[in-house]
Each structure stands twice: as structure tokens, then as C-alpha cells.
Number of protein chains: 2
Amino acid sequence: MTAFRFDLHATDGAARCGTLHTAHGPMDTPAFMPVGTAATVKAMMPESVAATGAQMILGNTYHLMLRPGAERIGKLGGLHRFMNWPGPILTDSGGFQVMSLAKLRKLTEDGVTFQSHIDGSKHLLTPERSMEIQNLLDADVTMAFDECTPFPATEKQAAESMRLSMRWAKRSKDAFVERPGYGLFGIVQGGIYPEFRAESAAALTAMGFDGYAIGGLAVGEGQELMFSTLEVTTPLLPTDRPRYLMGVGRPSDIVGAVLRGVDMFDCVMPTRSGRTAQAFTRRGTVNLRNARHQDDPRPLDQDCTCPACRNYSRAYLHHLIRAEEILGPMLLTWHNLHYYQEVMAGLRSAIKDGRVQEFAKNFAEQEAMGDIEVG
Amino acid sequence: MTAFRFDLHATDGAARCGTLHTAHGPMDTPAFMPVGTAATVKAMMPESVAATGAQMILGNTYHLMLRPGAERIGKLGGLHRFMNWPGPILTDSGGFQVMSLAKLRKLTEDGVTFQSHIDGSKHLLTPERSMEIQNLLDADVTMAFDECTPFPATEKQAAESMRLSMRWAKRSKDAFVERPGYGLFGIVQGGIYPEFRAESAAALTAMGFDGYAIGGLAVGEGQELMFSTLEVTTPLLPTDRPRYLMGVGRPSDIVGAVLRGVDMFDCVMPTRSGRTAQAFTRRGTVNLRNARHQDDPRPLDQDCTCPACRNYSRAYLHHLIRAEEILGPMLLTWHNLHYYQEVMAGLRSAIKDGRVQEFAKNFAEQEAMGDIEVG
């Protein structure tokens with residue numbers, strides 16, 4: 001039986017390189033986890049997700065509890081079996097999405113009551129119920145139930161929201177069913193206020209979690225405030241536990257956050273953009289809907305080894321998008337996930353070699369060049 | 001350089017088993033060709049199409065001439081390269097779809113003028129232009145330009161329409177650019193009237209084509225009339241050339257047509273049904289949207305080796321459809337194409353072994369059993 005364990009292999013400044021071991025296998029960090037909201041990484045076969053280099057994926061408690069239902073997935077053998085993903089899975093707590101997607105939501109000390117955005121059915125989500133759901137889903141990494149503090153928030157709002165999350169973190173820890181190979185992460189809140197981030201980090205480390213997430217960022221505060229908040233937060237977290245920046249982000253956000261000591265990321269950006277004709281490349285983003293691609297025989301990125309770049313022209317990808325063919329989202333999602341994983345592999349290797357600053361500099365320079373000109 | 005050639009390996013009654021050799025490789029017959037309308041077999045990677053056992057696919061002249069344009073595909077190296085399908089491709093002539101999809105169409109002796117259903121642009125399609133387009137697309141099998149006689153049609157309408165198609169067939173043959181490995185098929189018309197089918201077959205065989213299609217069926221006449229029309233038509237066609245029943249059909253249509261001497265088929269049914277939750281199985285069709293599947297841990301078909309059946313439960317496929325996830329069409333299209341190819345492989349092997357009647361009997365019995373009960 002694998003113990004849930006984080007091995008730190010190397011550091012380079014604040015940047016870290018390690019391996020997180022879970023019941024369903026390891027994940028090398030810094031790591032990007034593709035989002036599989038409704039028990040599928042949209043437009044991808046799970047084998048293809050694995051082929052991009054992804055080792056852990058994310059599932060959404062809010063979506064899965066509503067459809068098809070956590071008890072149903074539990075009876076069918078858990079989320080890994082249900083969606084044919086044998087590797088590790090992290091599930092969020094439902095806290096963030098219940099506040100952004102559900103209808104008629106009401107927050108109390110106990111938890112959140114709400115109506116499903118799908119069929120209007122009524123539900124209650126509490127720390128205890130969130131732990132129960134994530135256990136039914138068989139998540140390798142369970143997230144504590146929290147309130148994601150909105151941005152902007154006054155000091156008073158940020159403090160009250162963070163303290164509620166800390167009380168919920170305690171209840172989450174008490175309700176979490178410990179099993180070898182399975183871990184529970186606490187979530188640091190506190191908005192953009194360093195003193196509240198410090199209070200939150202202290203409260204969580206006193207309780208003791210298997211990993212620490214940094215929540216409430218990438219909600220509109222901008223990259224500069226996000227980075228400065230990370231700089232005051234990550235030094236307060238234990239070095240022997242993984243750190244997870246939730247819902248981040250663009251490739252440049254990820255590179256900057258790794259430089260500031262973050263180990264794990266998730267974001268819908270590569271998958272969502274893949275369905276809306278937006279490609280991430282080493283030379284920045286490319287919109288394949290643009291007519292300038294219609295006669296272009298060149299690949300999206302000639303140095304990329306993903307199927308979209310290896311086997312197809314920009315002209316073809318453009319055609320698929322214009323014709324609204326499903327293969328368009330399939331190929332662009334694959335490319336974007338492949339590119340994200342390539343960035344993560346580059347970061348891991350640079351940290352091991354002690355050249356992460358050089359990697360970040362090259363990364364920024366290449367991205368600033370912009371896309372190749374029309375041939 | 002491969003010559004365009006049809007080798008007949010075995011017959012069993014009227015049923016035939018052979019191999020069609022083309023510039024881009026062979027196709028074993030009886031064969032089912034998946035439809036790749038807009039330069040993609042919808043919801044499938046081309047590698048996956050090949051993995052189902054398909055050897056030749058079909059492209060649609062009407063769709064491709066409008067978007068992205070035949071000249072564009074030609075400049076980009078032809079359809080094989082454009083869509084990353086290295087195997088043989090058959091293109092239709094555009095005749096059928098211009099009459100069913102285009103706006104403000106006007107048919108004259110010269111050809112058909114029409115407006116694009118996509119952007120209203122005006123176009124002219126003639127036998128000569130159809131040959132030019134199919135040549136630009138680099139089709140291994142080019143279809144003569146014809147008018148698909150509607151059903152029902154009076155004797156007079158059927159005769160006039162068929163004779164126009166025969167004059168167009170002659171113009172198609174004159175305009176076709178002969179190249180080693182590339183072939184041109186004529187299309188027998190004549191509606192449900194045996195004497196016109198005979199007149200059409202005689203006219204085409206006198207001109208001499210590399211293969212013969214049977215057109216104007218599966219347009220509402222029903223399986224019985226389709227089979228009886230095949231019975232009077234296939235005996236009039238040369239035995240050393242492939243016979244292609246256009247746009248057919250359900251698995252039982254295909255089995256019956258093979259018994260009546262047909263070698264090649266195409267149909268949107270497996271792909272279109274795959275996008276609308278309908279699966280074809282050896283026990284008939286299964287609608288996976290139905291709530292009876294929501295807790296079912298069993299595969300769609302326990303004897304099927306496609307990814308949808310090997311790795312997923314009915315409950316999961318049902319969930320994907322309800323959640324409108326792209327993976328639903330991806331998996332069900334894969335399954336349907338896999339099943340169609342399995343039927344074709346079964347037919348080929350049965351013909352070789354002289355037991356095609358037994359195969360057809362077993363096929364009909366299994367299909368009549370209907371889907372497995374709720375467990």
C-alpha cells in the first residue's frame with residue numbers, strides 16, 4: 001500500500017521539484033492537472049490525456065454530485081473506474097462552484113444550501129457532506145470545504161470569510177476518512193491581505209494537512225497581486241508538503257508561480273480554449289479561427305510533437321473550426337494540454353539543473369515574439 | 001505504380017469477396033466506407049477510423065467545393081494530406097447533395113446551378129467541373145456526375161432522369177483524367193423500374209468504367225424494393241468490376257445487399273447515430289439516452305472489443321450523453337464504426353468459407369433478440 005507522501009528532489013531559489021505519491025500512482029511536480037469537470041476531460045480520450053504527460057486530473061465535486069450523483073459513482077466503483085482514468089485524481093470541495101454556478105444559494109455557519117443549475121433540485125453542501133462525496137468519488141486528493149473569498153473584498157469581509165473557511169477546514173479534517181495513499185489538503189484564504197494569509201496558513205499548519213492549497217487567487221486581482229500574495233504565503237507553508245495554486249492559469253502565471261514555490265496547478269484554460277479555437281504555443285496564443293490561416297500549409301507549431309502539429313496544417317485546423325467539426329476541439333485541446341505539460345516538464349528539468357531563472361527568461365522572450373507571420 | 005484493379009477472390013451464391021487496389025492502397029470487399037463529409041469522419045481521429053478496420057473513406061464533393069474549396073485542397077496537396085488519411089478515398093460527384101442541400105438550384109442539360117447552403121454564393125456543377133474537383137481532391141475513386149432520381153418517380157420521370165445521367169456519365173468519362181491507381185465509377189439509375197435499370201447498366205458497360213455504382217436507392221423505397229431492384233441490376237454488371245451501393249445503410253440492408261452481389265457501401269448512419277446516442281450492436285440498436293442505463297455497470301456490448309465497450313459502462317456512456325460531453329459522440333461513433341467493420345469482416349470470412357447464408361441467418365436471429373434486459 002502506497003503511503004500518501006511528497007518527496008522533494010531539488011530546489012532552485014523558491015522553486016521546487018518533487019514527486020507526490022498517491023494510492024493511484026505518482027505525480028511529478030511542478031505539475032499541471034487537466035480539469036475533468038463532469039468525469040471527462042472534455043473532447044479527450046483518457047488515454048490521450050495520459051499521452052500528453054498528465055499524471056493527475058481534477059474532478060469537480062459540485063458537477064458530479066448533481067450529475068450523475070456521488071452515490072451512483074460510488075456504487076459503480078468510484079471515479080477512476082467510472083471515467084477510465086487509472087491514475088490519481090484530485091477533487092475540489094464544491095465550495096467554489098456552488099458559489100459561482102448554483103442558484104438561490106444561502107451560506108450559513110453550517111454550509112451552503114442551493115439549487116442545482118441543471119434541474120433546480122435542492123441540495124446542502126457542508127464540510128462533512130463534501131468529505132463524504134469526495135470519499136464516494138474515491139479522490140486521491142480531497143480538498144477541504146471552504147468559501148472562496150470574492151475579489152474585491154474589504155478587510156472585514158476577507159477576514160470573516162477566511163475564518164469561516166478555517167472552521168470548515170477543521171470540520172473537514174475531522175470528517176475526512178483516512179486511508180493509506182489518500183490525502184487531504186487545506187486551503188489558505190485571506191484575499192490579498194498578507195496578515196490574513198499568515199493567519200490562515202498558521203491555522204492550517206497547526207491542524208496539519210497532507211498538502212496546502214492557495215485559494216482565492218486568479219479571481220480578477222491580476223498577475224501582479226497574485227504573485228505578491230504568493231510571495232507572502234508560500235514561505236509560511238511547510239516545505240515537506242505540496243503546494244497547490246487552485247484554478248491557475250495561463251502559462252506565464254504558472255511559470256511565475258513555480259518561481260514563487262508552487263508545486264501544483266489546475267485550470268480549464270487549455271481545454272476551454274481548445275474548444276474555442278485558441279491555441280497556446282511557445283510564441284503566445286494563436287486564434288485559429290482567423291482567416292490568415294486558411295491557406296497556410298505550416299503546422300500550428302513546427303517544434304511541437306502533438307498530433308495536431310505533427311499531422312495537420314493550420315489551414316486544416318482553421319477549416320475544422322469554420323465547419324464546426326468536433327475534430328477541431330479534439331485536436332486543439334490535445335495540443336493545448338500537450339503544450340502545458342511540455343512547459344511543466346521544462347520547469348522540472350530546469351529546477352533540477354538549477355537554471356529555472358534562465359528557463360523563465362527564455363520562456364518570456366519566446367512568448368513575447370508572438371506568432372509566426374503569414375508565409 | 002499500383003494499377004487500379006479489382007481481384008475477385010471467392011463467390012458464395014451471388015455474394016462476392018475481393019480486393020480493390022488503388023493508388024493509396026487496397027480495400028477488401030465487401031467493404032463499408034465511413035463518410036468523411038467535410039474532410040473529417042466526424043468525432044474521430046483518422047488513426048481511430050483506421051483502427052476500426054476501415055480501409056477507404058468517402059469525401060463529399062458538394063461540401064468540400066464550398067468549404068474549404070477544391071482549389072485550396074489541391075494547393076495543400078490533396079485531400080489525403082489535408083485530412084491526414086493516407087489510405088484510399090472515394091469522392092461522390094456532388095450530384096446527390098446539390099439536389100438535397102443547395103438553395104435555388106436549377107437543372108439543365110449542362111449541369112446544375114445553385115446557391116451554397118452555407119453562404120449563398122453561386123456555383124455551377126457540371127460533369128466536367130465535378131471531374132475537375134474530384135481530381136483536385138485526388139480521389140482514388142471518382143464518381144460520375146449524375147442526377148439521383150427521386151422516389152417516387154413516374155416511369156417518364158425515371159427514364160428521362162436516367163438518360164440525362166447516362167449523357168452526363170459519357171461527359172464524365174471524357175473529362176476524367178486517367179492516372180495509374182485512380183478509377184472512375186459509373187452510376188446505374190432507373191428508379192425502381194427493371195427495364196430502365198437494364199438500359200442504364202447496358203449504357204454504362206458499353207462506355208466501360210472501373211466500377212459500377214447503383215444509385216437512387218435508399219431514398220424512401222424500403223428494403224424490399226431496394227433488394228428486388230438489386231436482384232435485377234447486379235446480374236447485368238460485369239463480374240470483374242466492383243459494385244457499390246451508394247448511401248446504404250443499416251447493417252441488415254448491407255447484409256442483404258451483399259447476398260445480392262454488392263461489394264461496397266457507404267452511409268452516414270453509424271457516424272450520425274453515434275452523435276445522437278444511438279448504438280448499433282449485434283442485438284439491434286440501443287438508445288443510450290434512455291434512463292434504464294443510468295446505473296448499469298455492464299458494457300454496451302460485452303463481446304465488442306472497441307474502446308467504448310472495453311473501458312466504459314453503459315452508465316458512463318449514458319452520463320456523457322446527458323451531460324452533452326463531446327466524449328459521448330467520440331465513443332459511440334467509434335463503437336458504431338467498429339461494429340460495421342466487424343459485420344463486413346464477418347461477411348468476407350463467411351463468403352470465403354461458403355457459409356454466407358448461415359452468417360446472414362445468424363445475423364438476423366441475433367438482431368431480432370433485441371438488447372439485453374436491465375440487470
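This is a short tour of a two-chain model, from its overall arrangement down to single residues.

Please keep in mind that this is a predicted model.

Let's begin with the two copies. Two copies of a chain are related by a rotation about an axis and a shift along it.

Now the interface. Of the interface residues of chain A, 100% are also interface residues in chain B. The copies therefore meet through the same surface.

Next, the domains. Chain A is divided into domain 1, residues 5–267, and domain 2, residues 274–369. Their C-alpha centres lie 27 Å apart. How many residues are in contact between them? On the domain 1 side, 30 residues; on the domain 2 side, 27.

The size of an interface is often given as the accessible area lost when the parts come together. Between domain 1 and domain 2 of chain A, about 2400 Å² is buried. Carbon and sulfur atoms give 75% of that area.

On to the annotated site. An unreviewed UniProt entry lists four residues of chain A under "binding site": A:Cys304, A:Cys306, A:Cys309 and A:His335. They span 32 residues in sequence, yet no two of their C-alpha atoms are more than 8.4 Å apart, so they gather at one spot.

Let's take two of these residues in turn. A:Cys309 sits in helix H12, residues 307–311 of chain A. Is A:Cys309 buried or exposed? It is buried, at a relative accessible area of 5%. Leaving aside neighbours within four places in sequence, A:Cys309 is in contact with A:Pro299, A:Leu300, A:Asp301, A:Cys304 and A:His335. Two of those names, A:Cys304 and A:His335, are also in the UniProt list.

A:His335 belongs to helix H14, which covers residues 327–352 of chain A. A:His335 is buried as well, with a relative accessible area of 0%.

Now another histidine. A:His80 is in helix H4, residues 79–83 of chain A. A:His80 counts as buried, at 7% relative accessibility, because the cut-off is under 20%. Its side chain reaches the backbone oxygen of A:Gly87 at 3.3 Å. Beyond four places in sequence, A:His80 touches A:His24, A:Trp85, A:Pro86, A:Gly87, A:Pro88, A:Ile89, A:Asp138 and A:Asp140.

Then a glycine. A:Gly190 lies in the loop between strand E11, residues 183–188, and helix H8, residues 194–207. Though in a loop, A:Gly190 is buried, with 0% relative accessibility. Leaving out neighbours within four places in sequence, A:Gly190 is in contact with A:Ala158, A:Met162, A:Phe196 and A:Arg197. How far is A:Gly190 from A:Pro68? Along the chain, they are 122 residues apart; their C-alpha atoms are separated by 33 Å.

Last, the backbone. Most residues other than glycine have a negative phi, and most peptide bonds are trans. Let's look at some exceptions.

First, a peptide bond. From A:Thr29 to A:Pro30 the bond is cis, with omega near 0°. A:Pro30 lies in the loop between strand E3, residues 25–29, and strand E4, residues 31–34. In chain B, a cis bond joins B:Thr29 and B:Pro30, with omega about 0°. B:Pro30 is found in the loop between strands E3 and E4 of chain B.

Next, phi. A:Ala39 is not a glycine, yet its phi is positive, at about 65°. Where is it? A:Ala39 lies in the loop between E4 and helix H1, residues 46–51 of chain A. A:Ala39 is buried too, at 0% relative accessibility.

A:Asn84 also has a positive phi, near 60°. A:Asn84 is in the loop between H4 and strand E6, residues 89–91 of chain A. H4 is the helix where we found A:His80.

That's the tour. Thank you.

Terms used:
Residues are numbered from 1 along each chain as its sequence is written. Chains are lettered from A and ligands numbered from 1 in the order in which they are written. This is a predicted model: local features need pLDDT of at least 70, side-chain atom pairs count only at pLDDT 80 or more; totals for chains, interfaces and linings use all residues. Side-chain values use heavy atoms; hydrogens and water are left out. UniProt positions are given in the numbering used here, feature names are shortened, and annotations may be inferred rather than shown by experiment. Helices (H or I, at least four residues) and strands (E, at least two) are DSSP runs, numbered from the N terminus. Buried means under 20% relative accessible area, exposed over 50%, partly exposed in between (1.4 Å probe, protein chains only). Contact means heavy atoms within 4.5 Å. A polar contact is a pair of N or O atoms within 3.5 Å; within protein, one must be able to donate a hydrogen and the other to accept it, and residues adjacent in sequence count only if both atoms are side-chain atoms. Domain bounds come from an automatic or database domain assignment. Buried area is the accessible area (1.4 Å probe) that two parts lose on being put together, summed over both.
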